[in-house]
Amino acid sequence: MKTRILNDGSHLPVLGLGTWQMGGGSNADHSQDDATTALIRDAIDMGYTHIDTAEMYGAGHAEELVGRALQAYAREDIFLTTKVWGPNLRYDDLLRALDGSLQRLQTDYADLYLIHWPNADIPLEETFRALNRSVADGRVKRVGVSNFDVPLLRRAQTLCATPVVTDQVRYNLHERQPQQNGLLNYCQENDIALTAYSPLKDGVLENATVQSVARKHGATTAQVALRWLTRQPQVVTIPMSMNRTHLRQNQEALSLALDEEDMRRLDQSVA
Ligand SMILES: NC(=O)c1ccc[n+]([C@@H]2O[C@H](COP(=O)([O-])OP(=O)(O)OC[C@H]3O[C@@H](n4cnc5c(N)ncnc54)[C@H](OP(=O)(O)O)[C@@H]3O)[C@@H](O)[C@H]2O)c1
């Protein structure tokens, strides 16, 4: 798996496995546990080494399934990201939330721990005191944020004792907010990875230009949408799939040779 070098010198796989909807949505769903555990293992066997999850997914059950799947692998071979949910950003709540996540994930540490959403009711200073302590304790290897705009990201950088390695935001061919609000530029200029979530949503796969570029290369529309993202400096992405063929195709997107003309057409494919 190709990686990007993060601003702390470590490597983050350019394509990771999203887990939203695995083990339920907002509530836990235990009906597919064996199939989902097997699917996560198959993804790892295909070469996925970054798994993105969150305490909120399936009310903790996504983390449980990831934890179960990871028992078959050496922990150090996987880059594991999880997130603390917005209401848990007070000092004691965050430390408790982290305990819960690590317990469900059956591990001693998260490679990356993200603030899932900003919460204006809780001072960011307090949240970062807890995050900095978690890093000092070794239970979190690096810190990032999610759904932060540039001003909030800048504040996070001043409060974090270690480099803020990523901002995870919704970004795809149809959702260009990170381009419009300056976040992508800021990340590119300040050596911060922009992790694009929902890379295949918002009607991207039905876009006529995406379909045309896909035909030209004998590729799938999803591959074009993923490669458009990962060709951009500092951008990594985390598509979710419950389908093994899609998992493989998504991974193979990294070797799709989009040329400058393809990139220009895709850039301009949305008015
Ligand atoms: N930080 C945040 O606030 C936040 C918010 C949302 C998501 N996320 C993270 O980002 C991950 C990805 O985002 P997402 O799950 O919202 O959206 P996504 O990955 O863009 O889309 C998932 C959908 O795309 C389909 N799909 C995947 N590969 C495909 C392919 N090759 N061809 C056709 N369809 C394909 C999947 O169906 P199949 O199962 O049939 O393949 C699934 O329905 C999440 O799972 C989660 O880990 C983070």
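Which pocket is the space taken by the ligand? In this predicted model, the ligand takes up the space of the largest pocket. That pocket has a volume of about 490 Å³, and 23 residues line it. Nearest its centre lie Trp-20, Tyr-57, Tyr-197, Ser-198 and Lys-201. Sorted by class, the lining splits into 11 nonpolar, 8 polar and 4 charged residues.

Turning to the ligand itself, 27 residues surround it, with Asp-52, Leu-200, Ser-241, Met-242 and His-246 the closest. This shell is made up of 12 nonpolar, 12 polar and 3 charged residues. Helix H10, spanning residues 244-252, gives the most to the shell, with 3 residues. As for polar atoms, Asp-52 places a polar side-chain atom 2.8 Å from an oxygen atom of the ligand, and a polar side-chain atom of Ser-146 sits 2.8 Å from a ligand nitrogen atom. Taken alone, the ligand exposes 890 Å², and the protein buries 83% of that.

Then there is the second largest pocket, which holds about 160 Å³ of space. Its lining includes Asn-147, Phe-148, Asp-149, Arg-170 and Glu-175. Strand S8 (164-170) and helix H6 (177-180) each supply at least two residues of that lining. By class, the lining of the second largest pocket comes to 5 nonpolar, 3 polar and 3 charged residues. Tyr-197 turns up here too, as part of this lining, and is also among the residues nearest the centre of the largest pocket.

Key
Residues numbered from 1 in each chain as written. Predicted model: local features only at pLDDT ≥ 70, side-chain atom pairs only at ≥ 80, totals over all residues. Heavy atoms only, no water. Near = heavy atom within 4 Å. Polar contact = N/O pair within 3.5 Å; in protein donor to acceptor, adjacent residues only side chain to side chain. Areas by Shrake-Rupley, 256 points an atom, 1.4 Å probe, with all protein chains shown as cover. 1 Å grid on protein atoms, 1.4 Å probe; cavity = no way out; pocket = protein on both sides within 12 Å on 5 of 7 lines; lining within 4 Å. Sits in = over half its atoms within 2 Å of the grid points. Helix = DSSP H or I, 4+ residues; strand = E, 2+ residues; numbered from the N terminus. Nonpolar A, V, L, I, M, F, W, Y, C, P; charged D, E, K, R; others polar. Points joined across faces, edges and corners; volume = space filled by probe spheres on them.
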